[in-house]
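Subject: Structure handover

Hello,

The structure is below, with notes on what was found in it. Please read them alongside the coordinates.

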Amino acid sequence: MFHTRNIAKGVNVHVNETTQFKTINFSVKFKDKLTKEKASARSILANVLQHSNEVYPSHTALRMVLDDLYGTSLYIDSTKRGNEHIVSLNVETVNDQYLSEEGVLEKVMNLMYIVLFKPNLENGLFKESVFTREKNAVKQRIESIFDEKTRYAQQRMLDLALPDHPASIPANGTIEEVEKVTNQQLMDEYRAMLETNEVEIYAVGDIQSETIASFIEDYFHFKDREKAIDAPALELTKPKQPRVAEYEDMKQGKLHMTFFSPVTFKDEKFPVMQLMNGVLGGYAHSKLFVNIREKESMAYYVSSSYASQFGLLFILAGIDSKLEEKAVTLILEQVEEMKKGNITDVELDQTKALLTNQLKEALDSARGQIDIYDQYTELFDPFEPEQMINQWREVTKEQLAEVAQKLSLEMTYFLSGKEDEPNE
Amino acid sequence: MNKVQFEQLDETLYQEKLPNGLQVYILPKKGFSKTFATFTTKYGSIDNHFVPLGEEQPIKVPDGIAHFLEHKMFEKEEGDIFQQFSKQGAAANAFTSFTRTAYLFSATGQIQENVETLLDFVQSPYFTEKTVEKEKGIIAQEITMYDDQPDWRLYFGIIENLYKNHPVKIDIAGTVESIQEITAEHLYTCYNTFYHPSNMVLFIVGAVDPDSMMEFVRQNQGQKTFDEPEEIVRIYPEEPMEAAIKQRTLEMSVQKPKVFVGIKPEKLDLSGSEMLKHELSAQLAYELLFGRTSDFYHNAYESDWIDESYSFDYSLENGFGYALIGSDTNEPETLAHEVLETVRKAKEKWPFGQDDLDRVRRKKIGFFLRALNSPEYIANQFTRYAFNDMNLFDVVPMLEEIEVADLQEAFQSVSDESQQSIFSIIPPKKESE
């Protein structure tokens, strides 16, 4: 799929030459250690670089150029994986072949260079008005999570269950830390990003690998950098409170549960755990959906998800707030079924088929190719989807039961309406 | 089978209308491993007043019934149809909009089996009082979930403001109360009226061979018997041109206020290329006025009246439509005022010329070409266009045809003060300090 070329120590260019898409996609990923401070500063940095530079100081000027380049999309985002924080410049542009104009690609690559390397500076710092405005924008983005009660409940549970652990640090940082960031700190983070972060550059489309690599070598001038030390095992500490209930002005009850699992991404049992999660609650044929939604009519959504980097399994359900106890009982019954190995061949085969389908489908988008490759290269180098699919194929029910038995319920969080709040 | 080539786009579309009236489209995608299929009826939440098939008198059905019917299609006497799709490695789903109900799957193998399952399950209704009752709890939770989503409430709030009588103002899923009235008999009546193949479109896109797939669909449909197609009589109330409610505010648990300015279009009876031209022209006009390169956006962002949640949109169907502009904002009044001022000034003196049009046109062409990478986009949008007698693949040629005067004209018809409305959501006031 991708051809990789190492252009400096810690800097790789991965190119997939393909005619599958009508567009060309780029992604430049800068990877650093995840802390609250770094996540906060780097999220502001992503915004600052995206909104203003030396050549196009105003957001409008930059957007006009992008519109002229056939609505090329360009944005910088902040994400996290395990204890890594990733700032990515993502660009998608139309292949010249479908246009009555040539030279679009070159202009787009030049724009990527400007956005990353020609910031809008004032006395050696980022232009103050841009800095202040974007700091504010990131703060508002973090605050807006409150409006989406499912996301809010999940974040609250993580904060309470695993405070200061990478699992609970939001990719955009926290309001407190965003407020503390100074323009000088932002400049330090910017330098660190360009000079010491590991960099993975991806390109997908009808392009020449050599063209891309030589452009990057000529313009980006990335120097050697030390590979960040391998992540230490992420210890999970038992939450102080096993059950927390909170109340807001709302109608539905949001039930969120956290389980610990010793199986993480790099564990050989990782594919088993993926299947275990699928049979339990990943799909519409899964135990949670069939029993809580279809049999009991108690929920519209009820599902499980596996955060493999940390060895965490979450179960989420939206229910009538008066039925919390019943829902917890029914959910735990399904977990118990998994532990006992009460799994049919059909359930296992369906889950294998859908996981396989999901992986293959994701590879039908350029963004999916980049994300999956970037993630799975840690496991298989070079990554081929068949390797993953073959591993799933061999998993048995007994193995599923085995990993299920190691699950431990560590926290139940329930968010519901204020009328449910007990009177003191 | 007809074959239409779109050379500039490097796409070939295969089409056939079967004897039972079903329209079938197949679009092979080079290099893709997945296939995505949608089976869609031209029946949505707005079709709540109609003459049932084979009867004379029109009836009104409970709010939320099209969506309820969509849920119940998946349950059969032998079990849940999701199970069948999962066995065949397909992820299945469905959605109901104002005007359509779509059933869909995506899969990377066993495509014929999955197409067969899709056609067969949608064409074999099974409703009993017991299964209908059971679904009410699930849908009630779905409605409650949406009730807690401020962005959904904001969207419906502005539509309720704009429309006085048209059923677009009714929430697609209905209310917890309205769904209690739904019976199995209702479902059969709606099903028989709206799920005739002549009211439906099958679209298959991806890793698929058009000849063998078309033959497979032909055979599948040939084995089944349907009544002769009849014209469906749908009744919509008279709708005045002006907005029903000028301004309204709702209190909800949000961290800061939200506001939408909505404008109702004058021309609500368009279809075919007229509709395509108007919709694209109005979208381009709104892009120039409220897009990320507009003076309005620049000013609003710098003044902190808007944040990253800012959005604007223009959308049109037969009988209803709306332009929406809004954001989370600490200054809902100022923002709404500035939006309306921008509209007023553009109405007074049109500020854009050829260069402006060329730029937003290029942006829109690029967006469209990007979207053609997505099988989901192609299938869903193609069907929507087809139900309005438009062709998705005419978008680029039409964009190339549009002139500045078209933008101006389209904008004029979606701008009048009487057609405007404001809806806001604000955090609850503190009870005591």
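How many residues of domain 1 of chain A are in contact with domain 2 of chain A? The count is 21 residues of domain 1, which touch 22 residues of domain 2; two residues are in contact if their C-beta atoms, placed from the backbone, lie within 7 Å.

On conventions: this is a predicted model, in which local features need pLDDT of at least 70 and side-chain atom pairs count only at pLDDT 80 or more, while totals for chains, interfaces and linings use all residues. Residues are numbered from 1 along each chain as its sequence is written, and chains are lettered from A and ligands numbered from 1 in the order in which they are written.

Domains of chain A. The domain assignment gives domain 1 (3-220) and domain 2 (243-420), with bounds from an automatic or database assignment. Their centres, taken over C-alpha atoms, are separated by 30 Å. On the side of domain 1 that touches domain 2, α5(A) gives the most, with 8 residues. Helices (H or I, at least four residues) and strands (E, at least two) are DSSP runs, numbered from the N terminus.

Chains A and B. The contact takes 56 residues from chain A and 54 residues from chain B. On the chain A side, the largest share, 9 residues, comes from α12(A).

Helix α12(A). The axes of α12 (345-362) and α14 (385-393) of chain A come within 10 Å and cross at roughly 175°; axes are lines fitted to C-alpha atoms, for helices over the stretch in contact, and angles run from 0 to 180 degrees between N-to-C directions. The two helices are therefore roughly antiparallel (angles over 145 degrees). Residues of α12(A) in this contact include Leu355(A) and Leu359(A), and those of α14(A) include Ile389(A) and Trp392(A).

Strand β13(B). In β13 (258-263) of chain B, 6 of the 6 residues are buried, so the strand is largely enclosed by the rest of the structure; buried means that 20 or more other C-beta atoms, placed from the backbone, lie within 10 Å of the residue's own. Lys258(B), Phe260(B) and Gly262(B) point one way, and Val259(B), Val261(B) and Ile263(B) the other. β13(B) pairs with β15(B) in the antiparallel sense over 6 bridges, where strands pair if DSSP finds at least two bridges between them. Val261(B) has Ile325(B) as its bridge partner in β15(B). Another 6 bridges join β13(B) to β16(B), also antiparallel, and there Lys258(B) is partnered by Ile425(B).

Regards

Terms used:
Parallel < 35°, antiparallel > 145°, perpendicular 65-115°, else oblique. Buried ≥ 20, exposed ≤ 12 C-beta atoms within 10 Å, placed from the backbone.
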